Structure formats: structure tokens, C-alpha cells
Amino acid sequence: MEVARYWRTTQQRYRMEGEICPTCSGKIFPPRDVCPHCQHEAKTPFTFSGRGEIFSYSTIHNAPQGFEKFAPYTVALVRLTEGPLVTAQLTDVDEHDVYIGMPVEMVTRVLREDGERGLLVYGFKFRPAFGVSGSSSQAVAVDVRAPEHAQHEVMIAR
Amino acid sequence: MRDVSIIGLGQTVVGEHWDKSLRMLGYEALNSAMASARIERIDALYVGNMLSGELTKQEHLGALIADFSGQRGIEAMKIEAACGSAGAAFRVGYAMVAGGMQDVVAVMGVEKMTDQESSLTTSALAMAADAEYEALQGLSFVGINALLMRRYMHEHGYKKDDFAQFAINAHANAVNNPNAMFRSLITARQFADAKPIADPINLLDSSPIADGAACVILAPTAMAREFTDKPVRVRASAVATDTVAVHDRRDPLYLEGGAISAQKAYAQAGIGPWDLDLFEVHDAFTIMSALSLEAAGFAPRGKGVRLALDGEIGIGGRLPITTMGGLKARGHPVGATGMYQIVEVTQQLRGEAGANQVRDARLGMAQNIGGSGATVVTTILERA
């Protein structure tokens with residue numbers, strides 16, 4: 001894998017920096033510079049809160065190459081508070097405790113490894129929002145700021 | 001534009017062809033299609049294929065298969081649209097004949113998937129998804145369909161077992177198809193007990209990895225009877241697209257590309273969905289059957305599963321689907337699948353479907369889906 005391919009996406013992967021459309025005010029993640037709602041140019045940065053809820057989820061047992069050592073792992077579609085859906089892994093949670101509608105928050109984690117000497121690729125995953133631990137828990141309104149460590153340089157070429 | 005007909009068809013058995021290379025599979029399908037049209041030369045060849053570069057380390061399939069099939073010198077190229085590759089190749093060949101650029105054209109789908117270990121095949125298939133925002137999160141292609149299926153069950157109140165009839169019907173039809181991979185019946189009990197892959201998807205929701213090649217020969221309808229007594233007319237050919245990533249869709253449970261593609265095709269043919277006598281649906285997973293039936297206008301949102309539960313999808317039903325086994329039981333050599341669907345509709349319309357013959361079949365449709373709905377190719381054929 002190539003360093004530049006990940007380096008150019010660090011803002012979105014570490015901080016969930018997307019865009020907001022100056023024409024229709026649609027919030028866009030991942031950033032794509034053309035608004036998917038109204039098709040106008042949209043390059044104004046907008047940082048998402050990193051909070052949302054589970055839209056759907058599943059657990060991967062037969063992992064693609066580069067992900068074998070993480071299997072089994074739970075993946076989800078997360079509906080961000082600001083509107084967009086994102087695809088991400090869940091972390092710090094048992095798959096049996098996950099439910100549709102569960103409040104979650106973004107954290108930065110290792111996404112994949114390319115062998116002993118390859119890149120460690122970091123990016124966002126989601127974990128149960130603070131105060132939510134299991135399927136019987138109720139959503140608790142808490143103000144969780146974007147994690148500080150997400151802004152550090154964490155992609156390491158070993 | 002010229003009216004276009006299918007004048008010949010060929011296919012290999014779908015399965016694990018340990019003794020055959022990619023190019024040999026392609027040659028076999030082309031050779032038998034040319035024999036059925038009683039021709040020895042074609043003007044052009046369009047090859048649908050998704051994974052040859054990744055799994056066989058071979059691109060440039062147009063020239064390669066043309067040469068290894070004794071057709072060196074003709075126009076030939078590969079067309080790629082993930083699992084919709086063969087449907088897309090048909091579309092290109094059709095446009096060439098309809099537009100008067102070529103007369104006798106072969107369109108083929110070919111895939112060789114069993115030469116690599118499964119983790120590489122799994123990541124290769126994930127290339128149909130968004131590499132930056134789906135695959136990089138560790139999502140497999142099965143995983144994407146599992147996310148859709150769980151949400152569908154949640155929104156519409158279905159149980160897992162409600163999807164069983166799609167797989168049971170596909171297997172029942174494959175029993176009578178000598179080219180199918182799994183010629184065995186399955187029961188509701190076996191479906192319920194099948195090994196989970198990515199919950200809620202289990203082994204019997206899923207189409208198998210396979211090798212295979214299928215091919216049809218196209219010619220202007222005005223010339224068709226020089227080659228065959230049973231030409232089959234192309235009444236519609238349409239392609240539409242949607243977002244590659246599921247999370248970018250307005251509604252992940254609605255295949256907008258499928259709806260646009262089907263509506264364009266119905267308009268071209270001047271028909272509605274219920275005028276069709278059969279529908280080869282892209283049943284890569286049982287959830288895709290439900291979503292496709294809804295997008296193609298056979299059921300309202302959330303009701304696609306009901307067609308299966310109500311027994312409408314069998315050979316004698318109101319809408320026979322996967323009449324030769326579908327992706328589930330005929331097998332899913334991804335870049336070849338769209339051409340198997342077209343070959344099977346053609347068999348039905350020529351009255352050559354054996355024990356699975358749909359009575360008086362006159363109009364049939366195939367819908368070939370790339371990725372989780374990003375490219376959708378719809379083809380409507382009519383008995384001449």
C-alpha cells in the first residue's frame with residue numbers, strides 16, 4: 001500500500017472532516033466536492049461531531065485480505081447525527097449487545113495492517129456512546145467532544 | 001436503429017473447473033454459441049469479466065480470447081461493471097449491431113474464480129464496493145448484503161426464515177439444468193440450519209463462487225433466419241447506475257438503479273412488468289431477490305419477500321424467477337453471470353428449457369446487477 005493514498009485522507013479519517021454544501025446546506029461525508037443532494041460544487045469543510053446511531057450491523061467471519069487477524073469483527077452502517085450514513089467497524093462492544101438504534105461515537109483505531117513491514121492504517125471506528133453499554137440501556141444525552149488523540153499524527157510506516 | 005436478434009447461444013457447466021483455464025472456458029462458450037448459429041466467423045467479440053486481472057493476473061481478454069478461439073484480427077475488447085459485466089458486454093454488442101457498426105457479434109461473460117485462496121477472492125469481490133469507504137473498513141461483499149438484509153428485516157418485520165423460498169425455488173429449478181452447479185433440492189429445515197456467514201446471511205442465502213462462461217451471438221433481425229429457425233428478438237436493453245457505496249444512497253433499501261433501468265426497458269419494449277412471462281433475477285443473496293423484485297415493479301417496497309412466501313415465483317407461478325437455478329444454484333461466476341441469465345431467458349423463449357419450460361413463454365427479462373446495485377443492466381427478450 002502507498003503512503004500518499006492514506007496521507008491525503010487523514011483529515012476525514014481521523015477527524016471526520018467532511019463538507020457542507022453552500023447551495024443546499026447538505027452535510028457531506030465522506031467529502032466528495034460535489035453535493036450528492038443538489039449536484040453543485042461543495043468544498044466548504046465541515047467537521048462532524050462523530051456521534052450517531054446504528055442503522056444496521058453484521059459480523060464478518062470470513063475477512064478480506066489485510067483484515068484476517070481482526071476477524072471476527074462487527075461492521076455497521078451508522079446514521080450520523082448530522083444526517084449522512086457511514087460504513088465503519090464497531091469496537092469496544094460485544095456483537096450480542098449491538099442493536100439498531102444504539103447510540104455510538106467515533107474513535108480512532110487501526111483499520112488494517114499490511115504485513116510485518118507495511119503500513120498501519122488508522123481511521124474511524126464507532127463504540128457505544130458514553131453511558132450506553134448494553135441492549136437494555138437507554139440513550140443518554142452526553143456532550144462528547146471529538147477525541148483529542150484523533151488529531152495526532154498516527155499513521156506510522158514501520 | 002436496426003432490430004437485433006439472438007441467433008446462437010452457448011455455455012459451459014458452472015462449477016469448479018480445476019482442469020480448465022480462463023481462456024479455455026471462454027473458447028468453449030464461444031465455440032458452442034457459434035456452432036448453434038452455424039457460423040465460423042464473427043465480426044466482433046465483447047467479453048464481460050470482472051476479476052481476471054486480480055485472480056488470473058490476466059487483462060486484455062478481448063484479444064486473448066479472440067485469438068485462442070481462432071478469430072484473430074476481429075474487433076474485441078473486455079467490458080467491466082463488477083457483477084454486471086456480462087450484462088454490460090451484451091449492451092455494448094447490442095448497440096454495435098443496432099447502430100449498424102457490426103453485423104454478427106459475439107457477446108460473452110467469463111469468470112475464473114477458483115484459482116486463488118478464499119481470502120484473496122473475498123477481497124477481490126469487495127472491489128465491487130467502494131474501496132476507500134467500504135472495503136477499507138473491512139467490509140466484505142457478503143457483509144454489505146448482511147447490512148441490507150438486517151435493516152430490511154427490521155423495517156418490514158420479516159423473520160430470517162421468510163427468505164427461504166428464494167433459495168428453495170432456485171435449487172428446485174437447478175435440479176433440471178444440466179449446466180447448474182448445485183443440482184440438489186434443499187428444504188426449509190436445511191435453510192434454517194445453514195452455517196452463518198455474516199449474520200443474518202447464511203450459506204444458503206448466498207450464491208457460490210464458481211467458474212464458467214456463457215455466450216450469445218447477435219445479428220440484425222432482418223438477417224436472423226439465415227442462421228437459425230428460432231431467433232429471439234431483443235426488445236429492450238438498458239443500463240442505469242446508482243452510488244457504489246450503500247451508505248451514499250438516499251434509501252439503502254431501494255435499488256434506484258434497478259428501478260431506472262427497469263423503467264427504461266419497459267418503455268423501450270412498450271410493456272409493463274406483469275406482461276413478462278419470466279424474470280431472471282440477480283439473486284446473489286436472497287435479500288437481493290427481494291430488493292430487485294421491488295425495484296423492477298413487481299412488489300411495493302417491503303413486499304418483495306411476499307411473492308416468494310405466497311408461492312408466486314415457481315415455474316407455474318404468476319412470476320417464474322431463477323428458472324434455471326439462478327445465481328444461487330446455477331452458480332455465480334460473477335463477470336459471466338449476466339450472460340447466463342440471457343442464455344437462460346433465450347432457452348425459455350426457444351422452448352428449450354426442458355422440464356423447467358415456462359408454458360407459452362413469449363417475453364422474458366434478465367436483470368444483471370453490479371455491486372450492491374450500482375450498475376443495473378436490464379434486457380427484455382421476445383420469442384420471434
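Buried means under 20% relative accessible area, exposed over 50%, and partly exposed in between, with a 1.4 Å probe and protein chains only. This is a predicted model: local features need pLDDT of at least 70, side-chain atom pairs count only at pLDDT 80 or more, and totals for chains, interfaces and linings use all residues. Residues are numbered from 1 along each chain as its sequence is written, chains are lettered from A in the order in which they are written, and side-chain values use heavy atoms, leaving out hydrogens and water.

**View 1. The B:Asp67–B:Arg72 salt bridge.** A salt bridge is a side-chain nitrogen of Lys or Arg within 4 Å of a carboxyl oxygen of Asp or Glu. B:Asp67 and B:Arg72 form one, with N to O at 3.1 Å. B:Asp67 is partly exposed, at 31% relative accessibility. B:Arg72 is exposed, at 65%.

**View 2. The B:Asp103–B:Arg2 salt bridge.** The closest N and O atoms of B:Asp103 and B:Arg2 are 3.0 Å apart. This pair links distant parts of the chain, 101 residues apart. B:Asp103 sits in the loop between helix 4 (85–98) and strand 4 (105–111) of chain B. B:Arg2 lies in the segment before strand 1 (4–11) of chain B. Helices (H or I, at least four residues) and strands (E, at least two) are DSSP runs, numbered from the N terminus. B:Asp103 is partly exposed, with a relative accessible area of 31%. B:Arg2 is also partly exposed, with 29%.

**View 3. The B:Asp193–B:Arg189 salt bridge.** B:Asp193 pairs with B:Arg189, and their closest N and O atoms are 3.0 Å apart. Both residues belong to helix 8 (residues 188–193) of chain B. They are four residues apart there, so about one helical turn separates them. Both B:Asp193 and B:Arg189 are exposed.

**View 4. A salt-bridge network in chain B.** Salt bridges link B:Asp3, B:Arg233, B:Arg235, B:Arg362 and B:Glu382 in a network. Over all chains, a search of the whole structure finds 30 salt bridges.

**View 5. Chain A.** Chain A has two helices and nine strands. From the N terminus on, its elements run α-α-β-β-β-β-β-β-β-β-β. Of its 158 residues, 49% are buried. Contact means heavy atoms within 4.5 Å. Among contacts in chain A with a separation of 6 or more, 54% come from residues 24 or more positions apart. The accessible surface of chain A (Shrake-Rupley method, 1.4 Å probe) comes to about 7800 Å². Carbon and sulfur atoms account for 49% of that surface.
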